[in-house]
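Open your viewer and get ready to select residues. This tour goes looking for paired charges.

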Amino acid sequence: MSSKQDQEATLISHLEALRRALLRSIVALAIGIVPLFLVSPYVLDWFCKQIALQGGVTLHYFSPMEVFLLQLKISALLDCVLFSPYIAWNMWQFVLPALYDNEKRFIRSIVAMTSGLFIAGVAFCLVVCFPLIVQFGMSFASTTLQPVFGVSNLVTLALWLSLAFGCMFQFPLVTYALIRAGIVSYETVCSKRPYVVVAILVLAALLTPPDVVSQLLLGVPTYLLFEAGLLAARRYKGRALKEVHPENAPNIAPRDSTATESEPAQTDDIDFAAPSSKFQVGAEKDADKWKPY
């Protein structure tokens, strides 16, 4: 079999492995959404009770299929949250054969932290931030202006904010991974703090409703998490610059020990003709017979 056929066979095997990983993830989501749909009415009822207790309002629905569609949305969100570790594990199994042992340990920790941060972001949104947003909206009520909330609007807003918080809570993990992998240096990230703040505020404005409260509730915790990721990556300070291994360093010709002090000082000469590494072209056996053509 030729090298081209070997490459095609390798590509096909990789695509097949990716297809199996995606198929397992889709099947898991499809199976999990059935029991979660049965649980979604209780979740919706709990949500409505919490809104009623906090704001003293009654939620309404305005079409016959509105509640059914809301239950589907809730079950889909719960499905993604609960099965996110399994999906991440499937993706990790796909890239596992191409990694070294130290890379495997790194990816394993990243997968665990990704799932944990996503779930923490969703919980923080539903427990802390969303009630504050509802109370802020009800603060505009008056004797001549009474709020009438539709359950679809509030649930859709809660679901969207939950996904936004879950994704934005990955910010410290991205910072930590980039610094640890040596893609960017710790010093570079520290010097770009003003740009990071602007980027976080822009993303918070795009992912939340057009009000200052929700934007700050998303932007401030995200920046604090960015600082936490930067603090965790502090021990990898200065590792972005690759160190030169001795076997890849150029051969330096020794200086003549018989040179007198009266002679002008000369810098060490680099012998570019001598091979600097056993992997260098021309360093193999019969190198003198090597020709460029």
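Start with a term for the surface: buried means under 20% relative accessible area, exposed means over 50%, and partly exposed lies in between (1.4 Å probe, protein chains only). The model is predicted: local features need pLDDT of at least 70, side-chain atom pairs count only at pLDDT 80 or more, and totals for chains, interfaces and linings use all residues. Residues are numbered from 1 along each chain as its sequence is written, and side-chain values use heavy atoms, with hydrogens and water left out.

**Stop 1**

Select Arg-20. Its relative accessible area is 40%, so Arg-20 is partly exposed. A helix here is a DSSP run (H or I, at least four residues), numbered from the N terminus.

**Stop 2: Arg-19**

Keep Glu-16 and select Arg-19. These side chains also meet in a salt bridge, at 2.7 Å from N to O. They sit three residues apart in helix H1 (residues 3-55), so about one helical turn separates them. Arg-19 is partly exposed, at 45%.

**Stop 3: Lys-49 and Asp-45**

Move along to Lys-49 and Asp-45. Their salt bridge spans 3.4 Å, N to O. Both belong to helix H1, four residues apart, about one turn. Lys-49 is partly exposed at 49%, and Asp-45 is partly exposed at 40%.

**Last look**

Which residues do shared partners join into one network? Select Glu-16, Arg-19 and Arg-20 together: their salt bridges link them. By this rule, the count comes to four salt bridges.

How values were computed:
Helix = DSSP H or I, 4+ residues; strand = E, 2+ residues; numbered from the N terminus.
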